[in-house]
Amino acid sequence: MRRKLVIANRKMYGSIPDNQAFLKGLLHETCALKNLDCAVCVPYPYLYQAQTMLAGSSIAWGAQNMSCHEYGPYTGSVSPSMLLEFGCEYVIIGHSERRRRGYESDNSAAERFEAAIKVGLKPVFCVGETLEEHKAGYAHQVTIRELSAVIDHVGVMGLAQGVLAYEPIWAIGTGKSASPEHAQTVLAFLRGHIASLDESVAENIRILYGGSVRTANAKELFAMPDIDGGLIGSASLNTSDFIPICRAANAID
Ligand code: PGA
């Protein structure tokens, strides 16, 4: 039985007082969220704040990207072990907002995945198709291509050390979530592909859905058998949107 996981992707939002209010509100809720793992991925400058406020609680934290290099002359980059120093458990890898701007290819995302698991970070690896690809019926081909880049790098046992997130690009930040049925079909397809390589990895790996998850659709999405939780962007900017989503995941048996 896979435990549900809800991750806040706070993107490039927040400020020290705003984060403080958000994390305080979330901490207040944690005792009510017993069936759920919850994590908050913040911009780098706020990792220390997240660590200071969340240490010792059941809420994990993480970053939204990292270098695949351990150290060196990479101005502006942050290494995996630096994230560990700030207590990160998770790191988002291959988010479409980075891929789409050309910051990451399938291969560089796979290299980052590998670098993350090497130090014990859990990569949250994002895959998903554009609107054009969606309309042309290519969701399966695109997501499998992105996933295969990682499996080629680290093998299926390496994949097992991370979390997958299916985030159709057309659903991110648009208010137009994929239907629970569409998301379920893609997730079942991805899990089926993993099962063809290793059944136990497929059974245990958590696959999240992300893209306009809101209070209104969270329950239906999380009720799908292959959706193990959500990667939440816009609705993770304040507790009044985010906590009901966590409660919806927590309520699923
Ligand atoms: P959204 O973003 O919830 O605002 O659609 C999700 C994400 O980008 O991870």
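This is a predicted model: local features need pLDDT of at least 70, side-chain atom pairs count only at pLDDT 80 or more; totals for chains, interfaces and linings use all residues.
## Ground rules

Local features need pLDDT of at least 70 and side-chain atom pairs pLDDT 80 or more, while totals for chains, interfaces and linings use all residues. Numbering starts from 1 along each chain as its sequence is written, and side-chain values use heavy atoms, with hydrogens and water left out.

## Around the ligand

The ligand has 13 residues around it, with H95, E167, G173, S212 and S234 coming nearest (near means a heavy atom within 4 Å). Sorted by class, that shell holds four nonpolar, seven polar and two charged residues; Gly counts as polar here.

Now for the polar contacts (pairs of N or O atoms within 3.5 Å). For S212, a polar backbone atom is 2.7 Å from a ligand oxygen, and for G233 the backbone figure is 2.9 Å. On its own the ligand exposes 280 Å², and the protein buries 100% of that (Shrake-Rupley areas, 1.4 Å probe).

## Where the ligand sits

The ligand sits in the largest cavity.

## The largest pocket

A pocket is an open set with protein on both sides within 12 Å along at least five of seven lines. The largest one has a volume of about 490 Å³, counted as the space filled by probe spheres set on the points.

Its lining (residues with an atom within 4 Å of a point) runs to 17 residues, of which K11, M12, Q64, E97 and R98 lie nearest the centre. By class, that's nine nonpolar, four polar and four charged.

Definitions and conventions:
A polar contact is a pair of N or O atoms within 3.5 Å; within protein, one must be able to donate a hydrogen and the other to accept it, and residues adjacent in sequence count only if both atoms are side-chain atoms. On a 1 Å grid over the protein atoms alone, a cavity is a set of points where a 1.4 Å probe fits but cannot get out, and a pocket is an open set with protein on both sides within 12 Å along at least five of seven lines; lining residues have an atom within 4 Å of a point. A molecule sits in a cavity or pocket if more than half of its atoms lie within 2 Å of its grid points.
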